[in-house]
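Me: I have a structure open and want to learn how to read it. Can we take it feature by feature?

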Amino acid sequence: MSKQQKIIKTKKKRESEEEPIREIKIRVVGVGGGGGLIVSSISSSLKKVLFAVLNTDSRAVNEVAKEKKIKGLSFGGQVTGGLGTGMNPELGKKAAEEDIEEARAIFKDQDIIIFVSSLGGGTGSGALPVFASCAKEEGALVYGVFTLPFSFEGDKKMNIAKKAVKETSPFLDAITILPNEKIFELVDKNTPLKEALAVMNKNLAESLEGLVETIYDTGLINIDFADVRTVLENKKGPRKITYLNTIEGNLDDGAKEIVRRVVTNPLYPYTISNVKGMLFNITGGRDIGLTDISSISENIYEYTGGDAKVILGIKQKTKYKDKVRVSILATGCETDFFAEELTEEKEKEEKKEEEPKKEEKKKPKRKAKKTKTKTKKNKEPKKEEEKEIEESEKKNKDEITVMSKEEVVYQPEEKAENPEDDQEKEILEEEKKWEKPSFLRRFK
Ligand SMILES: Nc1nc2c(ncn2[C@@H]2O[C@H](COP(=O)(O)OP(=O)(O)OP(=O)(O)O)[C@@H](O)[C@H]2O)c(=O)[nH]1
Ligand SMILES: [Mg+2]
């Protein structure tokens, strides 16, 4: 059966079974002061995601929760008096335990929970293991995006942060750790602290935005969520070290340069060589050609070491003209940068990986069971904030092709089947060209 036939078959099957299509529910949760600030800086530009900020400092919570889309939770009032923990992670832990049921309500019924926290203080570092464990219990894929303190802040803070990484890791599927120290790769050492932190926060905010766009704008339905799950989920041993980045570039710069920039974010202490899984998205203008897409994907693919499951999304937006935005999430990065305990965990992971590798290859990638779970969730009454998000999603639908190295999944939109204007016809033409993964085709 040709790929084209396969695509049609998948589509017909879905229509005949009337499977409900539901987008993935993502909740971005900032924990502690720094985490809260980062989340509040993303919330204004991302329409489709639910946000929450959890902190023991009730004034800081009130400040960020002014933004309607952010759910604020000031936790542990009895142990902290609402004044923060003063760099005491034990207090942060107790505070999280005190209000764990309120937090659980925030983690409930989510597909992906992304915790964002700047480690080294008492709140984020103490509460994260408690919250991440709870989020995992609730069945979400849990991704932690953390910063480590500057070295000038002293060993005590760094040790608090490392301990937090160690204690939170078992409950995470994927983890990104960015040392604040790396900010000096981008700014002068004399830059005022607030400005320096803003560089990291902005970079993280853009990368998270890119990730969310990648997931939503590929029009992911249940079947595609299985692919996202494959890249993010960690079934065996410790979490996957994850590289996340988004950049904008000009097509004139050439694919090589665009790719170099997206895979070499100077804030990262590790690279994407030999990664195991990758999700990446290219957004370009209406004129972006197949050759551009092909060169970008082939260049990215070269950096991975060739062993990764790669899922590529492509999107067109008129406003991009000759610009291009590339987002990448790569899991299974290798690093010797972090504390010894992380190295130990990696060794254990490698040992475990040797055995199940052969069996895994035989397993079907998508399980019907997961689809059923999503179907059930879909019938549940929708909350107010979710309705709001759904409405804005409807306005923002674009056509998209999702491709992986091993297969092609195509989700045609209704309007693409009955094109009403020339622009849509053009897009259809383009989509036809893209029905095969670009890095599987050779062009003259
Ligand atoms: N990247 C980044 N790091 C930050 C920011 N604010 C603080 N940090 C870092 O995070 C560490 C912990 O600070 P907070 O996030 O304020 O700590 P907390 O989790 O609220 O804990 P307590 O205030 O001690 O209860 C600091 O030592 C800094 O290294 C920020 O806006 N961005
Ligand atoms: Mg604080």
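Reply: Start with the ligand. This is a predicted model. Look for residues whose C-beta atom lies within 6 Å of the ligand. Here 24 residues surround ligand 1. Among the closest are Gly32, Gly33 and Gly34, along with Ser118 and Gly121.

Me: Which elements give two or more residues to the shell around ligand 1?

Reply: Three helices do: α2 (32-43), α7 (123-137) and α9 (193-217). The most comes from α2, with four residues.

Me: How do the residues of that shell divide into nonpolar, polar and charged?

Reply: Sort them by residue type. The shell around ligand 1 has 16 polar residues, six nonpolar and two charged.

Me: Now the strands. How many bridges join β8 to β9?

Reply: Strands pair through bridges. Strand β8 (residues 277-284) is joined to β9 by eight bridges, and the two run parallel. Find isoleucine 282: it stands opposite isoleucine 314 in β9.

Me: Through which helix does the chain cross from β8 to β9?

Reply: Follow the chain from strand to strand. From β8 it passes through helix α12 (residues 290-303) to reach β9. This β-α-β crossover is right-handed.

Me: Why is β9 largely enclosed by the rest of the structure?

Reply: Count its buried residues. A residue is buried if 20 or more other C-beta atoms lie within 10 Å of its own. In β9 (residues 309-316), six of the eight residues are buried, so the strand is largely enclosed.

Me: What share of the whole protein chain is buried?

Reply: Of its 444 residues, 45% are buried. The protein chain has 18 helices and twelve strands.

Conventions. Residues are numbered from 1 along each chain as its sequence is written. Chains are lettered from A and ligands numbered from 1 in the order in which they are written. This is a predicted model: local features need pLDDT of at least 70, side-chain atom pairs count only at pLDDT 80 or more; totals for chains, interfaces and linings use all residues. A residue is buried if 20 or more other C-beta atoms lie within 10 Å of its own, exposed if 12 or fewer, and partly exposed in between; C-beta atoms are placed from the backbone. Ala, Val, Leu, Ile, Met, Phe, Trp, Tyr, Cys and Pro count as nonpolar, Asp, Glu, Lys and Arg as charged, and the others, Gly among them, as polar. Two strands pair if DSSP finds at least two bridges between them. A crossover is right-handed if, with the strands pointing away from the viewer, the path from the first strand over the helix to the second runs clockwise.
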